[in-house]
Amino acid sequence: MTQEWTSEIWATIRPEEAAALHAAILAAHAQHDLERLVDLYAIAADSKEVEGDVDATCFFLTQAFVFALEAGVARAHELNRRLVAYGRAWPLE
Amino acid sequence: MNKPSSLESVMTSVNRANGLPNAHYIDPVVFAEERQSVLFANWSGIGFGKDIPEAGDAKPVDFLGVPLLLVRDQDGAVHVYQNTCRHRGMVLVDEPKNIRGTIRCPYHSWCYSLKGKLRAAPHVGGVGQNTHEDVKMDELGLITFRSHVWQDVIFVNIDGNAAPFDEVHADLIERWQEFDKPLYHGGIDSSFQLEVKTNWKLAVENYCESYHLPWVHPGLNSYSRLEDHYNIESRGKYSGQGTLVYRQMQGAEGEVFPDFDDLSDKWDTGGEYVAVYPNVLLGVQRDHTFAIVLEPKDCENTVEHIEIYYAKSGEQTAGLDHMRHQNAQLWKTVFEEDIFVVEGMQKGRHGPMFDGGRFSPAMDGPTHNFHHWVATQIETGRAT
């Protein structure tokens, strides 16, 4: 599947599309594409947030946050703020 | 372990002293003792600032089995960390790289800032839970070793108990304050390593003295005669040799390397070559310097890391590339000429009747000064 995952489609993820997202995440891991990992995990987090699954949301937010930290991208702060709002992380300095 | 040999005969005057006993060159037990008392208890060289030139550059270094990580942070400061995650002890960085954001452990992704602070411990409190009341983030930063950069050499004090670098080496820093200026590495030709089958101390000892020059470096002798050299000795601190007839390299058109700014007349024809105890060898001249870090691999093997620096950058003096290449070749030849000597002395120390040797009272002062210092460090270690 060649689904191009972008942040705009987070709300449209259907169960059958989850496999494609999973594959895209694996490919990004294989390529050590940090920015892509941030985007994809954030999409996964967004979809779980829509479903109301807080634990899964925070799992994916954490993954996105870690790779954002490693990449040194500003989005780490946004992801951190969301985790902090769930009581799942300390605020970044 | 055998009873440690007495070092009294080393610590007397050079006129009557013997050198360090054979065991200090060939016995792994004594090597382990020196690792702690000499190399870890003092300011040892482990690398160069030029190896991590940009913010975020990180380079792992194995120093006598201790995994270290050299890092340049966003403010340009150099840090030396233990290259070990505070979680499960995983090595954090296994090859030189540029770190854009944080140092992420490849095992469970604990993340550390370039300044060593723990910034994330993902899922530490359970899935999606990144805090735990018993895991204090501010107590789990990277272990930091005291470090100091001088003449582009990165020095580290592993045991943390040495006096500050500026204090230990105050005299030498003052002696060479005219060379406390920006150094520009000469480029890829100006960086080379020599693997030598010798105990690291023999490389120091050979470097310290000019006695061997006419025999081992006859090419230098044509313009740098033995009587043009002088001993440099500071008991308990450093030693080496100086020359009064340093002659600048000249190109075919009479071109020379630019001098360091504002040097006094002494350096018009002067050059000094000093061992910064324990394992760093430095040389300064009016137009270039060099630094050698001796990496002890084990009791009988050493890697010499050699780097040459200039007063102006390669960009500022692009027309001198051929001379930088030639100069590097010249120094490489000189250092290679020393290999048979340090390897031969190493072999000689397997002769069981060798008693450490007798020194030339006139010529071997700098070498004995180093022996005296090493013996002092060992005795201090044994007393504590």
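This report walks through the contacts between two chains and a few local features of a predicted model.

Residues are numbered from 1 along each chain as its sequence is written, and chains are lettered from A in the order in which they are written. Local features need pLDDT of at least 70 and side-chain atom pairs count only at pLDDT 80 or more, while totals for chains, interfaces and linings use all residues; side-chain values use heavy atoms, with hydrogens and water left out.

**The interface**

Let us start where the chains meet. With contact taken as heavy atoms within 4.5 Å, 17 residues of chain B touch 20 residues of chain A. The area buried between chain B and chain A is about 1,600 Å², with 55% of it from carbon and sulfur atoms; buried area is the accessible area (1.4 Å probe) that two parts lose on being put together, summed over both. In chain B, the residues that lose the most area to chain A are B:Arg100, B:Arg104 and B:Arg119, together 31% of what that side buries.

The rule finds three salt bridges across this interface, each a side-chain nitrogen of Lys or Arg within 4 Å of a carboxyl oxygen of Asp or Glu. One of them pairs B:Lys117 with A:Glu93, the closest N and O atoms being 3.4 Å apart. B:Lys117 lies in the loop between strands S7 (111–112) and S8 (118–120) of chain B and A:Glu93 in the segment after helix H4 (75–85) of chain A, so the pair joins two chains. Helices (H or I, at least four residues) and strands (E, at least two) are DSSP runs, numbered from the N terminus. Over all chains, the search finds 24 salt bridges.

**The annotated domain and an aromatic pair**

An unreviewed UniProt entry places the feature "domain: Rieske" at residues 43–156 of chain B; such annotations may be inferred rather than shown by experiment. This stretch is 0% helix and 39% strand, and its end C-alpha atoms are 5 Å apart.

There are 21 aromatic pairs over all chains, counting rings of Phe, Tyr and Trp (its six-membered ring) with centres within 6.5 Å. The rings of A:Tyr41 and A:Phe67 have centres 6.1 Å apart and planes at 5°, so the pair is stacked (planes under 30 degrees apart). A:Tyr41 sits in helix H2 (residues 34–51) and A:Phe67 in helix H3 (residues 54–71) of chain A, 26 residues apart.

**Backbone details in chain B**

| Residue | Backbone feature | Angle |
|---|---|---|
| B:Pro278 | cis peptide bond from B:Tyr277 | omega near 5° |
| B:Gln151 | positive phi, not a glycine | phi about 55° |

B:Pro278 is in the loop between strand S15 (271–276) and strand S16 (280–284), whereas B:Gln151 is found between strand S9 (144–150) and strand S10 (153–157).

Key
Phe/Tyr/Trp six-rings, centres within 6.5 Å; stacked < 30°, edge-to-face > 60°.
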